[in-house]
Amino acid sequence: MKTYQLFIDGQWVDAIAGETFDDYNPYNGEVYAKVAKAGVEDADRAMTAAFEARQGWAATPAIDRAKILNKAAQILEASMQEFAEVLIQEGGGSVGKCMFEISQTVDLIETAAADGKRVMGEVFHYDPTKISMTMRRPRGTVLAISPWNFPLVLSMYKVAYGLATGNTVVLKPASESPVIGLKIGELFEKAGLPAGALNVLTGPGAVLGDALIDNPYCSFVAITGETVTGRHVAQRAAAQLKPYSLELGGKNPLIVLGDADIEYAVKSAAFSAFLHQGEICMSTDRIIVERSILEPFTQNLAGLTSHLPVGDPSQPTTFIGPVISDKQVEKIDSHVKDAVAKGAKLLAGGSHEGRLYQPTLLADVTPDMKIYYEETFGPVASIIAVDSAEEALAVANDTSYGLSAGVITKDLEKAIYLGENLEAGMVHINDGSVDADACCPFGGCKGSGHGREGGQYSVEELTELKWLTIQKTKRQLPF
């Protein structure tokens, strides 16, 4: 078992109070690592280091920043097994999920490196006596708060783009996945990042979150997490007029119309609902099916769900590993039991052994059940029958969330209608609700957040727009 320190100002240091906390393996319940437990003084130390490094890093030519980012991508690609081991051991991800996440992260870093060289402004030709232009400047010091479910790639959206655009970054990883956050610090240290440009603090969010947001050196807050947490962050930052971006939860629908290829629709639904135990903000929670194909679709999906491999995430054949914590198991189980008690039909799963929750499929789910509106964040999906595309749209939009949605149909007219009218930040036609790409805008509306990550959308979030004019001749003034 290894002990990990904090990464502050280019140095590996103990927490000032000398405290540590245990990082658990969710599959076997054993302590995977002991990790430094940062406090308020450590938060101040990290923010000060980032603030003092900000001018030097912002003045570094974009091409030189890109070289460091690309070096980090190369090191990560060469260390895939090492990083996968951490993701499996502390996050419970399957081998396939973890290798995919790392590959995605390599692409993300390389994309950010390229986008950092394309931070562009505009020139306005409205007055021949002046040059009028816009430019984008780094915001300063970015606070990056990341989740435990896809901790590498979702941290890197903030870290890689923050650094690429000339900001310094303080990363606060989730307490359930602290080691992967510290491995990001190690990655950039090896790549030659200047001291202070990236700092990594591990410890309780209840202590560190407000201290970091309130710090006068914090310029921008970027968080991926639960909606409740995001709302608190937004209120805290807004009270100080600090800008922020929020990527939060979802109650994501997959609409399957009557003309769909049933075999393809079943596989798409299972993948989007149960990948990484359903612990993905984009996971399909609600499968909305036209009644004309309800019976064959339901039978096929129930059969597939019942045969998904569940077990040790380190085994290559495992598709569904452990849920992250006992508390989360209790929440999932309470949603399922409440639904069944109120009349839902259990088609598959519904039980668990420790943190291994069987992939679960429910039918006849109604609005009076907790699972209809609340985010479950586990391997559970509900089938809801409808009679038309219009009814499917109404059901899909009947949620306080608006992150991702999928539509499977051969009818182009209906696909366009649904794509335009679904209240979600991301809609995927003839695909499930789980999809992402480094260059595309990732994010949602309503209770699913504010702002977008990826490509030029991250560049816009992480830079400040400035208007600059230069008089070519003296202005004609009235006095």
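Author: In this predicted model, a residue is called buried under 20% relative accessible area, exposed over 50%, and partly exposed in between.

Reader: Is Ser177 buried or exposed?
Author: Ser177 sits in the loop between strand 9 and helix 6 (178-191). Apart from neighbours within four places in sequence, Ser177 is in contact with Glu90, Pro147, Trp148 and Pro151. With a relative accessibility of 1%, Ser177 counts as buried.

Reader: Which helices and strands do the buried residues of helix 7 pack against?
Author: Helix 7 covers residues 205-214, and its buried residues are Leu208, Gly209, Asp210, Ala211, Leu212 and Ile213. These buried residues pack against helix 1 (40-58), strand 8 (141-145), strand 9 (168-172), strand 11 (220-224) and helix 8 (227-239).

Reader: How far apart along helix 9 are Glu263 and Lys267, in helical turns?
Author: The side chains of Glu263 and Lys267 meet in a salt bridge, at 3.4 Å from N to O. An α-helix has 3.6 residues a turn, so residues three or four places apart point the same way. Glu263 and Lys267 are four residues apart in helix 9 (residues 262-274), a separation of about one helical turn.

Reader: How many residues apart in sequence are the parts that Asp387 and Arg291 tie together?
Author: Asp387 forms a salt bridge with Arg291, with the closest N and O atoms 2.8 Å apart. Asp387 is in the loop between strand 19 (380-386) and helix 13 (389-396), while Arg291 is in the loop between strand 14 (284-290) and helix 10 (294-306). The pair therefore ties together parts whose separation in sequence is 96 residues.

Reader: Where is Arg355, which meets Asp326 in a salt bridge?
Author: The side chains of Asp326 and Arg355 meet at 2.9 Å, N to O. The pair links distant parts of the chain, 29 residues apart, with Asp326 in helix 11 (residues 326-341) and Arg355 in the loop between strand 16 (352-353) and strand 17 (356-357).

Reader: What is the accessible area of the nonpolar surface patch that includes Ile131?
Author: Ile131 is in strand 7 (residues 130-138) and is partly exposed, at 32% relative accessible area. The patch is formed by Val123, Ile131, Leu468 and Ile470, and their accessible area together is about 280 Å².

Definitions and conventions
Residues are numbered from 1 along each chain as its sequence is written. This is a predicted model: local features need pLDDT of at least 70, side-chain atom pairs count only at pLDDT 80 or more; totals for chains, interfaces and linings use all residues. Side-chain values use heavy atoms; hydrogens and water are left out. Buried means under 20% relative accessible area, exposed over 50%, partly exposed in between (1.4 Å probe, protein chains only). Helices (H or I, at least four residues) and strands (E, at least two) are DSSP runs, numbered from the N terminus. Contact means heavy atoms within 4.5 Å. Patches are made of residues with over 30% relative accessible area and no salt bridge: like charges are joined within 9 Å, nonpolar side chains (Val, Leu, Ile, Met, Phe, Trp, Tyr) within 5 Å. Accessible areas come from the Shrake-Rupley method with a 1.4 Å probe; for residues, only the protein chains shown count as cover. A salt bridge is a side-chain nitrogen of Lys or Arg within 4 Å of a carboxyl oxygen of Asp or Glu.
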